[in-house]
Amino acid sequence: MRLSLQNMMEESKFVQLSVQEKEAIDRRISLYNFILQQVTDAIVLVKDDGTFVDVNEAACRLFRASKEQLLQKNFYEYAYLVPEHIFHFQRQMLHKFGTYDDELIIRLADGEIKHVQLFMRRYNEQPFNLYMIRDITSKKVLERERTINETLFKDLFNRAGDGIVIFDEQGRFIDANPSFCASVNVSKEELFKLSIQTFIPIEYYGLFEQLLLTLKRTGTVSSELPFILGDGMQKLFELTLTANVHSGFFMAIMRNVTEKRSMEMNLQRSEERFRAIFEQAHEAILICDDFGNILRANPAASRTFELPLHDLVHANLMQFIDAKDEKVRHVLRQFFRDGEIRDELTFHMPNGEKKQLEFTSKKGVINGYHLTIFRNVSERRKMEKQLREQEQKFRNVFNHAMDGIVLMDNEQRIFDANPVACRIFALSKKQLMEKRLHTFIGSNDLHKFQMWLNNGEEEEQFTITDGEGKKKIVELSFKPNIIEHVGLMMVRDITEKKEMEEQLRKSDTLSVVGQLAAGIAHEIRNPMTALKGFIQLLQGSIGNDCEQHNMYFHVIMSELKRIESIITEFLVLAKPQAVHYERGDVAKIMQETVDLLSVQATMHNIQIEATYEPVPPIYCDSKQLKQVFINILKNAIEVMPKGGTITVSVAHVAEGVRISVRDEGSGIPKDKIKKLGEPFYTTKERGTGLGLMVSYKIIEEHQGRIDVESEVGVGTTFYITLPIDNDMR
Ligand code: ADP
Ligand code: MG
């Protein structure tokens, strides 16, 4: 620079200077030069095309290059980030006004960007311009930071979820953000009339003063402090105070922690509760990791798994189960897939015991570990098994009982019945279960049935109509509420028993009649002999001349014969009788009887067709049997006044010898069949009603049986069955 200035001087040849003047100028020049080099601003001389003509030291520092290097360069190389048209404009302004100031960005060789202020000066007639360049990069950065900080702070202040207040040393509010206003429930305008102390409960003043003291000393302090809100409520706040040394203000950032505290308390309480449940539960509880390692166990688990607690905690759950078991593998798969499972497995305890445990597992519920609760169901399973067995026993009794058993509720709805009951009611179990018991009871018995059901404990007989419409006599016994609301009805079919009783009654009558007959018959017979003798004498002495007398004698004699025949039949009943058992051929006896009655049959235009199978001889009284056959054949003849055929057969059957006599008579109505054999039962005008009675009696004494089949209008068959081996020997 100095050089160029000297050149400038030398070139102005027209100035002639004195030595003193020249020295003064030189001094001045060197002073300027000195100043030029010392100024902090970079100063460069630049031609219009941008080549540097001269630079000072500050310029070298700015451009980070030596003077020599810089003189090789062009100013525009550094300012290439600036568009050409701007430079063009700058140059125009410079030429026009001789001076122009602007701000620019330059880029150094190493890539650093600098903000500079450019003061451009132009000297008339000089081939270069003077640029003064001031580095304002740091100022720019600061400026930017400040604006960013300011907006950031405003943003934070207004949007923060935490309450932020700024207050002075006296506690007067300088500013407060919306969050603070909302949390203390006071508007910003009202806030400025108050001080922060207004919000602090009186008993916390001391603490607050202390906080402020610490704050002034250390610049920041944190604490928890309750605040009284606009509505008088108190809330707990966590607050951080900072002191701003420059402004003398304090800033408080505060957060409402009332809920947080109460949540923490709840959490703690539920944690305690969990612990209590865990420790005291009757169910075994285990907490395991992914590999089955037992991390925690409760006392119940120790009991269930038959291991002391500290051993159990170091055990692995897989030790207790059979990992090869397909069911176990399935359970594990499902657990890891669904995150939870409820199932039952057999666990092998260290003492060799096997336990059936029911469990529920939930994955990752306790700090990522798995919780499993076990219940020992071995006992329950055992009881269930026993129950099943008992039920089976009951079923067996129920199903194989000799009597019918019906289970019904209080409304007599049947809900179970055993096979015998089904047979008695002649319905399937399903059909029976749709019925109520009283629907089977005959209308005559219904009232008695209801009364009995309410208070009867004794067995009672009722007539029922079964599913097929058949009347049956049943004996019922009832136990109400054998289990809750379930009554048990025992049903016994006594129809046959009743019939047998009837038979027995009949034979009782027979033996009574028999005894009577024995007494009376003899008493009558003797006078009868006298009567008959004297009548015959009388008839002889009167002679045959008188027609009328002859007729009288005839009537008397026939009536006497009738009396005699009645008495003879009666006498058969009498015991002891001159019975005489010997081996006899039933067919032969029958043939003799048929021969005997053949005349009478022919007279009534009746044929007797007899077939005889060879039968073994049986012990019998042939006279008595003959009397039976006569009675039955006579009855057959008497029911066929218009004639017909009587079919007689003697056959060998399993039970012994069977004799049958079939007629083509009027038949016997069903309800009258049971009357046959009763003494004096007759439908005939001159019948005695004793013939069949005597016959039944005789056959009974031969240990045989008489059965009657009859159809009204078609005919009747009498079957006499006699055993071959009887006790008559
Ligand atoms: P009786 O012949 O004197 O009437 P029985 O004891 O021999 O007395 O018979 C009793 C009744 O039984 C008869 O009155 C008759 O009503 C009935 N009876 C017996 N055998 C027959 C038959 N073969 N066909 C129809 N009814 C008969
Ligand atoms: Mg008769």
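**Ligand site and aromatic contacts**

1. The shell around ligand 1 comprises seven nonpolar, eight polar and three charged residues (Ala, Val, Leu, Ile, Met, Phe, Trp, Tyr, Cys and Pro count as nonpolar, Asp, Glu, Lys and Arg as charged, and the others, Gly among them, as polar). The model is predicted, with local features requiring pLDDT of at least 70 and side-chain atom pairs pLDDT 80 or more, whereas totals for chains, interfaces and linings use all residues. Residues are numbered from 1 along each chain, chains are lettered from A and ligands numbered from 1 as written, and side-chain values use heavy atoms without hydrogens or water.

2. In total, 18 residues surround ligand 1, and Asp-663, Thr-682, Thr-683, Lys-684 and Leu-692 are the closest (a residue is near if one of its heavy atoms lies within 4 Å).

3. A polar side-chain atom of Asp-663 lies 2.8 Å from a nitrogen atom of ligand 1. Oxygen atoms of the ligand lie 2.9 Å from a polar side-chain atom of Asn-635 and 2.8 Å from a backbone N or O atom of Leu-692. Of the 530 Å² of accessible area that ligand 1 has on its own, the protein covers 93% (Shrake-Rupley method, 1.4 Å probe).

4. Elsewhere, the ring centres of Tyr-76 and Phe-87 are 4.6 Å apart with planes at 70 degrees, so this pair is edge-to-face (centres within 6.5 Å, planes over 60 degrees apart; under 30 is stacked and the rest tilted). Both Tyr-76 and Phe-87 are buried (under 20% relative accessible area, 1.4 Å probe, protein chains only).

Notes:
A polar contact is a pair of N or O atoms within 3.5 Å; within protein, one must be able to donate a hydrogen and the other to accept it, and residues adjacent in sequence count only if both atoms are side-chain atoms. Rings of Phe, Tyr and Trp (its six-membered ring) pair if their centres lie within 6.5 Å; planes under 30 degrees apart count as stacked, over 60 as edge-to-face and the rest as tilted. Buried means under 20% relative accessible area, exposed over 50%, partly exposed in between (1.4 Å probe, protein chains only).
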